[in-house]
Amino acid sequence: MTTIPTSSTAQVIPGQGAMAAPDGAKPAKAKRQRFLFLKNKKALFGLIILGLYVLFAIIGPWITPYDPDARSNDLIQPPSADHWFGTTHLGQDVFSQVLDGTRPVVFVGFLAGAIATVLSVIIGITAGYLGGKTDDALSALSNVFLVIPAVPLMIIITSILDSASNLLIALIIGLTSWSWNARVLRAQTLSLRRRDYIEASRATGEKTWRIVGFELLPNLTAVIASGFIGTVIFAVLSLITLAFIGIVSAAGWNWGTILFWAQGQQALAQGAWWWFVPAGLAIAFLGTALSLINFAIDEFVSPRLRSAGKTKLKTASGGTVRMRIGFTPVLSNSAEPHTQARAIPINTDGATPVARKVGK
Amino acid sequence: MEPVLEIRNLNVEYGLGDKAVRAVRDVNLTLHRGEVLGLAGESGSGKSTLAYGLTRLLAPPGVITGGEVIYHPEKSDPYDVLGLSDKALRAFRWAETAIVFQGAMNSLNPVHKISTQLTDVLKAHDPKMSEHSRNARAREMLKLVGIAADRMDAYPHQLSGGMRQRVMIGMALILQPQVVIMDEPTTALDVVMQRQILGQLIELRERLGFSVIFITHDLSLLVEFSNRIAIMYGGRIVEEAPANTIYRDALHPYSKGLLSSFPALRGPRRELAGIPGSPPDLAGMPSGCSFHPRCPKAFEPCSTHIPVLGRPDSPDGAARSVACWLHPTEQPVG
Amino acid sequence: MKYFLQRIAFYLFTAWAAITLNFFIPRLVPGDPVQSLIAKFRGQLSTEAINSLYVLFGLDDDKGLWAQYIDYWKQLFQGDLGLSFTFFPSPVSEIIGDALPWTVTLVGITTVISFLIGTGLGVFAGWRRGSWTDGLLPVTTFFSSVPYFWLGIIAIYLLTGPDSFFPSSGGFDSALVPAWDQYFIPSAIQHSLLPALTILISSVSGWILSMRNMMVTVSSEDYITVAHAKGLSERRVAVSYAARNALLPNISGFALSLGFIVGGTLLVEIVFSYPGLGFILLQALGAKDYPLMQGIFLVITISVLVANLLADLAYLLLDPRTRKEG
Ligand SMILES: Nc1ncnc2c1ncn2[C@@H]1O[C@H](COP(=O)(O)OP(=O)(O)O)[C@@H](O)[C@H]1O
Ligand code: SF4
Ligand SMILES: [Mg+2]
């Protein structure tokens with residue numbers, strides 16, 4: 001369970017300032033690009049899956065075929081037409097539990113993500129924009145939170161706060177996981193602050209909140225979005241972790257609780273794979289969808305990462321070559337001109353010159 | 001004069017299919033032995049694309065869609081560089097044509113010492129060379145470009161911009177190539193440093209006898225340091241002539257505009273007319289002469305027919321060529 | 001050197017912050033946990049132990065917060081983390097001392113191996129981008145989204161059993177006594193294989209992805225084009241120029257992700273009943289054993305700080321720009 005930063009927007013190369021600073025100097029282009037974002041296959045795929053999860057989070061508890069707590073006589077039954085994901089040791093319907101458990105996961109994930117994002121935006125931008133002592137203090141704070149292992153801290157706090165509600169859990173996760181994004185935002189703000197148009201606004205004495213609100217924030221949208229998604233992934237995994245070790249059992253069903261019971265009732269030893277496989281896959285697919293959205297944001301911000309598209313080309317002689325760095329493909333090395341324009345002497349008596357073909 | 005590099009109808013595109021942008025179009029250009037050929041044009045006119053395309057160094061989505069680059073070795077038969085195998089091309093690179101890149105600040109690998117970066121190229125091209133002689137050669141090159149040998153162990157970040165650029169020049173000459181391509185080698189430096197480094201380079205050229213393709217958008221530097229000048233516009237060469245011919249008597253309206261956008265170095269001040277308008281969008285190139293929307297002299301054929309680079313009717317019969325309907329050409333060059 | 005000293009100062013500061021946080025945590029515990037403990041172990045607790053517990057929980061009302069804080073530090077310096085409730089009357093330090101080597105070996109070695117393998121594959125995928133390796137990305141994305149512990153469960157289900165080579169739980173054969181001998185060590189290794197594999201598979205994907213992206217980003221730097229222009233071999237350009245530079249941000253990323261990774265590996269230990277910190281943390285949670293929880297948190301934090309310091313050292317060696325000018 002990890003959130004290794006795979007995002008280039010999250011990578012800060014020392015000595016080079018922020019990598020992949022979003023090129024937001026042209027606000028006019030932003031709208032078109034936002035539209036283009038959806039053309040990215042990864043973004044589209046990720047958003048569709050995420051949409052399904054959100055849908056089930058909303059309607060899940062209403063469409064469960066059974067009450068997720070209701071016991072029946074079908075104990076530990078494999079998947080069947082009646083119980084799509086089989087049943088538990090008490091005869092509870094696993095499918096209903098997974099459906100019912102979607103809401104808390106999505107709720108905690110998004111709320112914790114939102115809390116962490118708000119915190120990181122405030123702290124990161126303040127540090128980057130104001131600089132000086134404020135920056136030193138805030139950077140030290142986020143670095144401390146960064147290296148203190150968040151999950152053990154969460155585990156201890158949650159266990160002390162006996163029977164925490166989902167709301168409280170989201171709060172705890174949000175408060176312990178903002179530091180990475182704050183760090184990234186600080187670096188991005190620093191690099192943006194040095195740009196001409198921001199410096200110009202500062203020089204003309206524009207109000208700080210205006211510069212931050214109208215010039216900085218719009219240019220940080222992609223980075224903030226990417227940080228939000230990253231935190232949602234992290235929060236979901238954290239919730240599952242807390243539930244799996246059984247310290248949030250009071251908060252109703254979620255996928256971690258299902259796994260907790262499966263583990264506690266030796267589902268493995270009984271061969272009841274259906275008890276833990278669906279919940280695990282549900283986590284994995286949600287995580288994949290969120291990661292895909294983040295990859296798309298990354299490619300959007302840093303065009304270098306954009307998929308190379310078609311890289312195999314056909315040469316004039318019918319062979320194939322691959323596009324790669326260091327060896328530009330040569331499609332044809334005939335020395336024939338491409339635009340078959342020919343030198344045509346201009347007659348002084350006004351006859352219109354003719355070219356065989358006019359290039360584009 | 002004997003040619004050393006002949007570019008024939010080179011075409012380079014970025015991207016594929018409908019979205020492809022043609023950045024270099026049917027370029028014909030000959031570099032002669034021992035000369036400095038200047039290449040000028042506004043930014044975006046395709047100078048760098050041409051320079052890196054010659055040895056297939058363009059990163060994706062760059063594609064060479066056609067043309068030949070004929071290299072004439074000193075003692076053996078000429079061959080087409082674009083037809084070389086990867087292995088042969090690797091051996092060819094740096095040994096025959098070296099490049100000093102635009103923005104030398106990032107041309108050096110930040111994590112290796114200068115010495116490593118100077119000697120690894122020797123090792124790659126001559127694995128049998130002893131480490132001792134490699135180091136000796138690297139020190140020699142540094143001395144040649146005026147850097148103390150004790151900077152061998154420095155890392156790039158410990159050198160000033162000017163020093164880094166000198167290191168790059170020293171590195172370019174380390175295998176004694178026939179051709180050195182310099183892409184805006186001094187743009188990031190201050191004016192004094194620019195001239196100092198270029199002066200030094202010209203002096204080295206006289207001593208070592210290599211040819212130079214010198215790219216810049218600063219025509220005044222070109223006029224001062226090159227023998228011949230080629231002007232690029234919208235991916236094409238639009239005029240090519242000896243440096244002082246261009247300076248005195250440019251034929252192409254674009255060359256004239258370009259010349260007048262820079263303050264003259266010597267002689268009477270010219271009108272600072274500049275060129276109104278902006279460089280063409282390569283994706284939607286104007287028909288006919290791509291300069292016609294900006295050309296003060298455009299006339300009837302300009303918007304429909306592409307003028308071809310050819311030798312103009314000039315009274316003094318100078319070896320020059322131009323692509324403009326104002327100057328009827330007899331035969332295309334190339 | 002200045003850089004390094006700065007880092008050390010930072011880690012000391014962080015350690016101080018973590019310890020202070022640790023000081024406040026039990027003060028959040030509602031009620032009087034010591035009273036319930038005294039009740040539980042009626043007559044078995046020495047006055048001294050009770051006092052120590054009161055210091056730990058900040059329940060000695062007669063003292064101000066500041067004095068409590070000083071006492072807390074004094075105890076820490078004596079290596080006194082209090083007594084465990086679960087393993088009463090063993091001191092927390094002793095229990096952690098037993099568990100720590102297991103975790104450090106399993107998690108430490110596996111994480112480093114995972115980083116090395118992932119980085120290596122990432123170099124390859126980044127360099128050959130656009131080729132078949134891009135097809136692996138969805139797979140790696142999926143695996144990096146799977147919780148470690150779930151993969152552990154699946155591994156136990158699929159790979160262990162009465163006839164399997166892989167034991168399904170524990171850190172060594174229960175018939176053996178821990179010792180550095182030819183019986184114990186192979187058994188310990190055998191027991192660690194499956195947990196290690198679990199951690200490896202779920203963490204390696206993240207490294208592959210991040211290194212691939214760094215390779216792609218670095219590949220369009222000027223010095224890579226220069227390296228190609230110099231006619232260097234493909235291998236040298238890829239390794240010595242591209243990968244060498246792409247590695248640097250990945251190492252910072254490694255240091256910073258350690259905190260996250262540790263969280264995941266604790267659960268793997270739980271699933272495999274591996275006798276490390278995660279496993280005793282689970283027991284501590286079940287018994288509301290606050291001293292033990294606190295101690296574990298402190299030790300994990302300090303281990304992560306030390307690992308960070310090591311990663312910083314590696315960075316220092318690999319990036320000349322952080323070294324002293326001259
Ligand atoms: N990687 C690329 N992808 C797409 N188009 C490019 C790329 N690099 C350059 N171009 C296009 O090619 C044209 C020529 O660029 P360049 O050769 O760098 O010009 P110059 O060196 O004269 O400034 C530019 O107008 C630019 O739009
Ligand atoms: S061809 Fe026509 S438009 Fe082009 S430069 Fe000559 S006069 Fe101007
Ligand atoms: Mg250029």
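## A walk along the domain interface of chain C

Start by selecting both sides of the contact: 19 residues of domain 1 of chain C touch 14 residues of domain 2 of chain C, where contact means heavy atoms within 4.5 Å. This is a predicted model, in which local features need pLDDT of at least 70, side-chain atom pairs count only at pLDDT 80 or more, and totals for chains, interfaces and linings use all residues. Residues are numbered from 1 along each chain as its sequence is written, chains are lettered from A in the order in which they are written, and side-chain values use heavy atoms, with hydrogens and water left out.

Next, colour the two domains of chain C: domain 1 is 2-77 and domain 2 is 98-322, with bounds from an automatic or database domain assignment. Their centres, taken over C-alpha atoms, lie 32 Å apart. Together they bury about 1500 Å², 77% of it on carbon and sulfur atoms; this is the accessible area (1.4 Å probe) that two parts lose on being put together, summed over both.

Finally, select helices H1 (2-24), H3 (47-57) and H4 (65-77) of chain C, each of which supplies at least two residues of the domain 1 side; helices are DSSP runs (H or I, at least four residues). H1(C) gives the largest share of that side, eleven residues.
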